[in-house]
Amino acid sequence: GAPLTSYKIVDKLVPQLEYTGTTSLSYLTPGGTLTAVDATDFTVAPAPNGSPGGTVTVTFEDLDWVNSLPAGTTFQWVLTTEVVGVGNLENKAFENTGGENVEIGKATTQWGPVKLLKHDAAGTANPLRGAEFQVYSGACPPLSAPPVGSPVDVSGATTFTSGTNGEVNIAGLYVGKNDSPATAKYCVVET
């Protein structure tokens, strides 16, 4: 076909995701190995910093190089985001060769809020304020063993404290991906 006069990869982020950076951009020729794209061959135009959602675009600067790649070459763009909301987050990727955006893939992740209630031995009618909890990925170890790994970070917090009503609200934890049954397990530990 005709040589490309423009080539972009576009990621339209849902409002619950905030772009934080590009980890890598690579290409794979048919029968070849995954190879990093030279940083001088592309630019990344992110959504405004501190603004969830928006569009992040990779623009290829060296179209002669892109046009020299064999037919069937694919690109792999790894970008990072911070989850700033919960729900079923569908993230779509597009390519644009000078006209309109054409969808080339999507991934869906599910994130859910957690609510705990700390109360005394008399029951839920007697909530306790000031109890601190941490959440760890994976199943809980035996009671005599310490949790494994580091506490989960949710919006910069790793310790969650009960309020005057005894409630602890954790904004969102990863549940699963691509509409598969929930696969994530967590261990909640009172500190």
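**Aromatic rings and a sheet**

User: Is phenylalanine 60 buried or exposed?
Analyst: This is a predicted model. In it, phenylalanine 60 is buried, with a relative accessible area of 3%.

User: How many aromatic pairs are there in the whole structure?
Analyst: A search finds 7. One of them joins phenylalanine 60 and phenylalanine 75: the ring centres are 4.7 Å apart and the planes stand at 50 degrees, so the pair is tilted.

User: Where do those two sit in the chain?
Analyst: Phenylalanine 60 is in strand E5 and phenylalanine 75 in strand E6, 15 residues apart.

User: What about tryptophan 65 and phenylalanine 75?
Analyst: They form an edge-to-face pair, 6.3 Å centre to centre with 65 degrees between the planes. Tryptophan 65 lies in helix H1, so this pair ties together parts 10 residues apart in sequence. Tryptophan 65 is buried too, as its relative accessible area is 18%, under the 20% cut-off.

User: Which residues form the aromatic cluster?
Analyst: Tyr7, Tyr27, Phe60, Trp65 and Phe75.

User: Switching to the sheet. What is the strand order?
Analyst: The order is E3-E2-E6, in an open sheet with antiparallel pairing. E3 and E6 are at the edges with a single partner strand each, so one side of each has no neighbour in the sheet.

User: How many bridges hold E2 to E6, and how many to E3?
Analyst: E2 and E6 pair over 10 bridges, while 2 bridges join E2 to E3. Serine 24 is opposite valine 78 in E6, and tyrosine 27 is opposite threonine 35 in E3.

Definitions and conventions. Residues are numbered from 1 along each chain as its sequence is written. This is a predicted model: local features need pLDDT of at least 70, side-chain atom pairs count only at pLDDT 80 or more; totals for chains, interfaces and linings use all residues. Side-chain values use heavy atoms; hydrogens and water are left out. Two strands pair if DSSP finds at least two bridges between them. Helices (H or I, at least four residues) and strands (E, at least two) are DSSP runs, numbered from the N terminus. Rings of Phe, Tyr and Trp (its six-membered ring) pair if their centres lie within 6.5 Å; planes under 30 degrees apart count as stacked, over 60 as edge-to-face and the rest as tilted. Buried means under 20% relative accessible area, exposed over 50%, partly exposed in between (1.4 Å probe, protein chains only).
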